Amino acid sequence: MSDPGSQSRPARKRLTVLSGPSGVGKSTVVAHLRRENPEVWLSVSVTTRRPRPGERDGVQYYFVTDEEFDRLVADDQLLEWAQFAGNRYGTPRGPVEERLRAGVPVLLEIELQGARQIRESMPDALHVFLAPPSWEELVRRLTRRGTESEEVVQRRLEVARIELAAEKEFDTTLVNTSVREVCEELLALITAPEV
Ligand SMILES: Nc1nc2c(ncn2[C@@H]2O[C@H](COP(=O)(O)OP(=O)(O)O)[C@@H](O)[C@H]2O)c(=O)[nH]1
Ligand SMILES: Nc1ncnc2c1ncn2[C@@H]1O[C@H](COP(=O)(O)OP(=O)(O)O)[C@@H](O)[C@H]1O
């Protein structure tokens, strides 16, 4: 007998974590997803990194000083945080908890150490790894983006090797060949019915 409620089952109201090496296309994929699917709420992180040209406070990140970041950590206002290539990044706790309580699908775009913290603290989260089509293509994307100095690109590539090796820790992998296709696959995962 078919389940009469199956058609109207709500979207999974849980947290999705998107992670993957620097330059793989996380920001591009997430920006595309948000444009097409505003019902998915993306957490805006705090960071001590300097804004890149065109980045605005409160949009890509909340840009904070080291002292402000220390205070957020001390006050337990971050759901997770990590040091990455010389800067600190963290997810503000309040807005995420509020959205999840309201039943809104929440997406976090964070690096590996933060993803591990979320796996511990919120075991229901779905962890998605975004992989490059190849190592050479990852190097090309990171270099061509042109937002970092040669030294920073090298540092990020060293971290990328570590992040690529952690792929098996994730629930599933999406290969970022086509942004549009990856977004469709990601949206299907985020909004899959409850099981
Ligand atoms: N743990 C953690 N990582 C974050 C957070 N926000 C961003 N990141 C990650 O920090 C890394 C560096 O981000 P960013 O400097 O914007 O560079 P980009 O992602 O390579 O453009 C990326 O892997 C992001 O996913 C956060 O709140 N927590
Ligand atoms: N599927 C793709 N094919 C080709 N280039 C891509 C693709 N996705 C992203 N890029 C490019 O790769 C570079 C890095 O993407 P970005 O979103 O900044 O990566 P991340 O946020 O993971 O560091 C950017 O120049 C972006 O335009």
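1. In helix α6, the residues Val 153, Arg 156, Leu 157, Ala 160 and Glu 163 are buried. Viewed along the helix axis, these buried residues lie within an arc of 120 degrees, so they line one face of α6. The structure under review is a predicted model.

2. Which elements cover the buried residues of α6? The cover includes the strands β5 (78-84), β6 (87-92) and β8 (126-131), together with the helices α4 (112-121) and α5 (135-145).

3. The length of α6 was also checked. The helix comprises 16 residues (150-165), and at 1.5 Å a residue it should span 22 Å; the distance between its end C-alpha atoms is 23 Å, which agrees.

4. The side chain of Glu 109 places an N or O atom 2.6 Å from an oxygen atom of ligand 1. For Arg 52, an N or O atom of the side chain is 3.0 Å from an oxygen atom of the ligand. In the case of Glu 111, the side-chain N or O atom lies 2.7 Å from a nitrogen atom of ligand 1. On its own, ligand 1 has 570 Å² of accessible area, of which the protein covers 98%.

Note on methods:
Residues numbered from 1 in each chain as written. Chains lettered and ligands numbered in written order. Predicted model: local features only at pLDDT ≥ 70, side-chain atom pairs only at ≥ 80, totals over all residues. Heavy atoms only, no water. Helix = DSSP H or I, 4+ residues; strand = E, 2+ residues; numbered from the N terminus. Expected span 1.5 Å × (residues − 1). Buried < 20%, exposed > 50% of the residue type's maximum accessible area, 1.4 Å probe, protein only. Arc of directions from axis to C-beta. Contact = heavy atoms within 4.5 Å. Polar contact = N/O pair within 3.5 Å; in protein donor to acceptor, adjacent residues only side chain to side chain. Areas by Shrake-Rupley, 256 points an atom, 1.4 Å probe, with all protein chains shown as cover.
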